[in-house]
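Student: I am new to this structure and would like to go through it step by step. Could you guide me?

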Amino acid sequence: MTSADRPRVVILGGGFGGLSAARALARVALNVTLIDRHNYHLFQPLLYQVATAALAPNTIAAPIRAILRAQQNATVLMETVTGIDTAARAVLIGAQRVAYDFLIVATGAHHSYFGHEEWEKFAPGIKTLFDALSIRQQILSGFEAAEVCDDPSERRRLLNFILIGAGPTGVELAGAIAELAKASLVHDFRHIDPSSARIILIEAGPRVLPTFSQKSSATARRALERLGVEILTGRAVTACDADGVEVGGERIEAGTTLWAAGVAASPIAKWLEAPADRAGRVVVREDLSVPGHPEIFVIGDTCASLSWDGKLAPGVAPAAKQMGAYAASVIRARVEGASAPPPFTYRHQGSLATIGRNNAVADFGWMALSGWPAWLVWSVAHIFFLIGFRSRIVVALDWFWAYVTFRRGARIILAETAGAAANFRSTPQEVEA
């Protein structure tokens, strides 16, 4: 069989799921085309460290072409997908059509504001490098603006930081901002005391880290409170604007409000005319294929898969990687005429969340760790799963330097003035591919 005669696999999205699928097909006699709107693979679990000036952007991103350069059956296209023609089996990129025999959709998710999309311009979330740089800009500019502000009440507002949502992202952001204010910046200003900054974490549910065990959740809350983070649970935000939020009937003024409360899937379900859940995730079959379209697989944050002991597989990197490898195994079996693999089962390897220096929680179900041991597990795991030897070394050295000196090396404001940060916001994205 010549290369032109091989089955064609198109993968939408170069995240954990898409890249895992592409690599798993390296030795299969087919042609793989991976399409992503960016030219890099992003290690999303460490985005919050870019947002809080702990890491530079290039340490958690790697060019997709470089990752797949040794894979002779793989082609990479940096394009924005505009639709899918399921009848003709083609992916649409404007007027261009990319034909497929098998399609793997791994387009991820974007922020969900639960019907209040107008809040996005006041409370940005963190899903992309642009989001992280925008948030870094906003956080650092808040301190700079407070330094030159003569109005005490406005200065207090500028030094208030609100985080909406107390899942892992919200908890890690809250801890990192508290450390930034109370350790890294504390001696750098002359007219303000950065340690006086208020970090307020708001959660509509009854506890922080709701997907963790009760014990780990309580441990995380105590660790955050020791860092000076104010935690409001059981209260939902009812209003949000440029100057703050309203929660539980109380108005809280703030210079920076960040969103970590929820995500929604990309509009793939509409394109495929497939069944979807309330979050817009495609409801897939046991082999992760779309009902009525056995040649189309939807994985990662984009799909709703009841593969975790009858529960939805979580929207985390390990789940996406497992799904990518599984979808590739189904395609390989079909191409090679082998028996189909058993239904996909998500294997939960544990949940991790860091809460500042020397502190984290690790929940493995059969065992829970907290404090320094959990922080060490968290650090080793994240360094290990970074793509590229250079990134692992650079991140390890950056963390070691910050650990010894309490300093963060990525504290660069890109705008010409601190006030310009308000305009440095990301725009809603249709599809992360």
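**A guided look**

Tutor: His 187 is exposed, with a relative accessible area of 66%; exposed means over 50%, buried under 20% and partly exposed in between (1.4 Å probe, protein chains only). This is a predicted model, in which local features need pLDDT of at least 70, side-chain atom pairs count only at pLDDT 80 or more, and totals for chains, interfaces and linings use all residues. Residues are numbered from 1 along each chain as its sequence is written, and side-chain values use heavy atoms, with hydrogens and water left out.

Student: Where does His 187 lie?

Tutor: His 187 is in the loop between helix 6 (168-184) and strand 12 (198-203). Helices (H or I, at least four residues) and strands (E, at least two) are DSSP runs, numbered from the N terminus.

Student: Changing topic, which residue has a positive phi of about 70 degrees although it is not a glycine?

Tutor: That is Ala 53, in the loop between helix 2 (47-51) and strand 4 (61-63). Most residues other than glycine have a negative phi.

Student: Is Ala 53 buried or exposed?

Tutor: Ala 53 counts as buried, because its relative accessibility is 0%. Asn 358 also has a positive phi, of about 65 degrees, but Asn 358 counts as partly exposed at 25% relative accessibility.

Student: How many salt bridges are there?

Tutor: The count comes to 13 salt bridges, each being a side-chain nitrogen of Lys or Arg within 4 Å of a carboxyl oxygen of Asp or Glu. One of them joins Arg 251 and Asp 241, with the closest N and O atoms 2.8 Å apart. This pair links distant parts of the chain, as Arg 251 is in strand 16 (residues 250-253) and Asp 241 in strand 14 (residues 237-241), ten residues apart.

Student: What about a pair within one helix?

Tutor: Glu 336 and Arg 332 meet in a salt bridge at 3.2 Å, N to O. They are separated by about one helical turn because they are four residues apart in helix 9 (residues 317-336).

Student: Which residues make the nonpolar surface patch of about 280 Å²?

Tutor: Trp 372, Leu 376 and Val 380 make this patch. Patches are made of residues with over 30% relative accessible area and no salt bridge, with like charges joined within 9 Å and nonpolar side chains (Val, Leu, Ile, Met, Phe, Trp, Tyr) within 5 Å. Accessible areas come from the Shrake-Rupley method with a 1.4 Å probe; for residues, only the protein chains shown count as cover. Val 380 lies in helix 10 (residues 371-385).
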